[in-house]
Amino acid sequence: MTVVFTPPAGKEILGHPRGLWYLVFAEAWERFSYYGMQALLVLYLTQYLLLPGNIENVAGFEALRRFLESLYGPLATPLTLAAAITGLYSAGVYFTPMIGGYIADRWLGRTTTVTIGALFMVAGHFLMAFEVAFVAAILCLFIGVGLFKGNIASQVGELYGPADLRRSSAFQAYLLGIQVAVIVAPIVTGFLGEKVAWHYGFGAAGVGMAIAVVVYRWGRKYLPPERPRGAAAKSAPSEKFTGRDWATMAVLIALLPVLAATAIGNQEIFNAYLLWGEQNYNLVFFGETMPVSWLVSLDAIISTATVGGALVFWSVYARYRKEPNEIIKLAIGAVIAAGAPMILAMASANVAATGEKASLLWGLGFHIVNDIGFAMVFPVGLALFSRAAPRQVGGLFIGIYYLHLFICNFATGKVAGLIETMSGYNFWAMHAAIVFGGALALVVFAVLFDKLLAPKAEDIATPPAAQPAPA
């Protein structure tokens, strides 16, 4: 059965539906809260919460430790325990969106599901301000992100018809909004957390999430119409999966570990990289020590420029040549990203040879190369899953896309702990090899499944829904 696309309400702004910009701003504030907390988490754990006299105050922590050791093995030091908690947290918030997408598709609809998720996150961030509630806060954030993240990304894709070529640029604008939030969040929460008090930093993240709720609800009339669900879905003509649909879903799922491999260098920025940077970078400027969490803001500043640059590059490229398909773009981005951990490997070798701390110029090189690669991978992958997945399970497959970050961050929870036992050169060279291996696997996928993942003939025949409904 052909699904009829209904254009969203409101006049276009900057060539895109009005609803896109509400989603961009809401997601930006949600990412402010998320990255504000993530920039602090591993530092808060190693420098405060896991120290004797503090860890005993956390309700349910021994149960959490036992669970972590069942996954990662013995966690004998605060660093390995902090790496495992950070890895599990970062992984968990990318696993639960799959469940949230299913809940929205089957029962609640996207707008209601996103709103409930946002309220859970508000509660979780404010609970982080109390050390006794640490485990409860993490659980609230798991639930909240699961309900929020995949569904708001799905709403971005649903603003556009199947053959509307603006979809990729919409996701890049969506990512650009996220990057702006990531610039600001670690500066605000990092300063408050590292220089004033940890709990002030977490409280600021809670305020950002509360603003996200307000922005999202304010623009709800411009969001995509809800698909039938529940009794209405049962009474509507059923949309059966074709053989091509099943094959496409299988290939998209098979891509997950490959995408996880390409992301591991980037995801270490919130785990081992902060610990390595604190020990190896010269962070003293004019007699003051820069909070190491500000490296996350540095990454976001550069990433914002590279995402914008990638958007301009492919727009200009398309005027003169045929754009490569999404898989080829992903492979190009992964090859570039593999160079970033090698820069850290060389910086580590230099530190070992000279005995002096590394200049932040090494870090600048790492972030530039990493973020050029990231700009070619993450939004393109999101656009691929949004377009290629059957529409009946669109929300579910956006959640499934985030599973590659679940796999990646779960792995960093173990791999990051190796920084205590491996040389810096070997540690980062290992990451470069993993990312490059992912790039080679993407080339194989491009050769084998190019036709399967290409737009379907009926979608190409459908005119792009460029004209919005009257305001």
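This report describes the overall dimensions, surface and nonpolar core of a predicted model.

## Fold and dimensions

The protein chain contains 17 helices and two strands. Along the principal axes, its C-alpha atoms fill a box of roughly 65 × 45 × 40 Å.

The radius of gyration of the protein chain is 22 Å, which agrees with the value near 23 Å that a compact globule of 471 residues would have. Contacts within the protein chain were also examined by sequence separation: among those between residues at least 6 apart in sequence, 84% join residues at least 24 apart.

## Surface and charge

Of the 471 residues of the protein chain, 57% count as buried. The protein chain exposes about 19,100 Å², and carbon and sulfur atoms supply 69% of this area.

Charged side chains in the protein chain comprise 29 positive and 26 negative ones. The centres of these two sets lie 11 Å apart.

## The largest nonpolar core

The largest nonpolar core holds 140 residues. Within this core, Phe134 and Phe385 touch the most other members. Helix α1, spanning residues 18-49, provides the largest share of the core, with 15 residues.

The surroundings of Phe385 can be described individually. When residues up to four places away in sequence are not counted, Phe385 touches Leu252, Leu255, Leu256 and Leu259, together with Phe397, Ile400 and Tyr401.

Key. Residues numbered from 1 in each chain as written. Predicted model: local features only at pLDDT ≥ 70, side-chain atom pairs only at ≥ 80, totals over all residues. Heavy atoms only, no water. Core = buried A, V, L, I, M, F, W, Y, C linked by side-chain atoms within 4.5 Å. Buried < 20%, exposed > 50% of the residue type's maximum accessible area, 1.4 Å probe, protein only. Helix = DSSP H or I, 4+ residues; strand = E, 2+ residues; numbered from the N terminus. Contact = heavy atoms within 4.5 Å. Rg over C-alpha atoms; globule rule 2.2 N^0.38 Å. Areas by Shrake-Rupley, 256 points an atom, 1.4 Å probe, with all protein chains shown as cover. Lys, Arg positive; Asp, Glu negative; His and termini not counted. Charge placed at Lys NZ, Arg CZ, Asp CG, Glu CD.
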